[in-house]
Amino acid sequence: MSSSPEISQPSDPGSSPSNLSNPHSKVDSPPSYVKLAMRNMVRKGGKSLFHFALTTIGFLSLLIGIAYLTR
C-alpha cells in the first residue's frame, strides 16, 4: 500500500536546447587569456613566428654579448 513518491531529477544544464549545439561553451565565464592568445597565434601564424624568431635572436645576442664582455 505504500506507493513510492516520485523523485524529481534535477535538470541537467548541459541538456538544454541552447547548449546542445556547442556542449563545450560556458556562458558564465569569458574565455581565458591563454585561450585567446593561442587562437590569435594560430590565426596570425607568420607574424607570431617572425616575432618569436626576432626575440630568440635578440636574446641569444644578449647572452653572447654578456659572455664576451665578462670573459
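Modeller: Buried residues make up 1% of the 71 residues in the protein chain. The chain exposes about 7200 Å². Carbon and sulfur atoms supply 66% of that area.

This is a predicted model, so confidence comes next. The mean pLDDT of the chain is 77. Of its residues, 61% reach 70 or more. Helix α1, residues 17-20, has the lowest confidence, with a mean of 53. Helix α3 has the highest, at 94.

Now the layout. The chain has 3 helices and 0 strands. Read from the N terminus, the elements run α-α-α.

On to the part you asked about. Five names belong to the positive patch: Lys 35, Arg 39, Arg 43, Lys 44 and Lys 47. They gather on the surface. Helix α2 spans residues 33-43. That helix gives the patch its largest share, 3 residues.

Take Arg 39 as an example. Arg 39 sits in helix α2. The cut-offs are under 20% for buried and over 50% for exposed.

The surface also carries a nonpolar patch. Phe 59, Leu 60, Leu 62, Leu 63, Ile 64 and Ile 66 form it. Together they have about 590 Å² of accessible area. Phe 59 lies in helix α3, which covers residues 45-69.

Notes:
Residues are numbered from 1 along each chain as its sequence is written. This is a predicted model: local features need pLDDT of at least 70, side-chain atom pairs count only at pLDDT 80 or more; totals for chains, interfaces and linings use all residues. Side-chain values use heavy atoms; hydrogens and water are left out. Patches are made of residues with over 30% relative accessible area and no salt bridge: like charges are joined within 9 Å, nonpolar side chains (Val, Leu, Ile, Met, Phe, Trp, Tyr) within 5 Å. Accessible areas come from the Shrake-Rupley method with a 1.4 Å probe; for residues, only the protein chains shown count as cover. A salt bridge is a side-chain nitrogen of Lys or Arg within 4 Å of a carboxyl oxygen of Asp or Glu. Lys and Arg count as positive and Asp and Glu as negative; His and the chain ends are not counted. The place of a charge is taken as NZ of Lys, CZ of Arg, CG of Asp or CD of Glu. Helices (H or I, at least four residues) and strands (E, at least two) are DSSP runs, numbered from the N terminus. Buried means under 20% relative accessible area, exposed over 50%, partly exposed in between (1.4 Å probe, protein chains only). pLDDT is the predictor's confidence in each residue, from 0 to 100.
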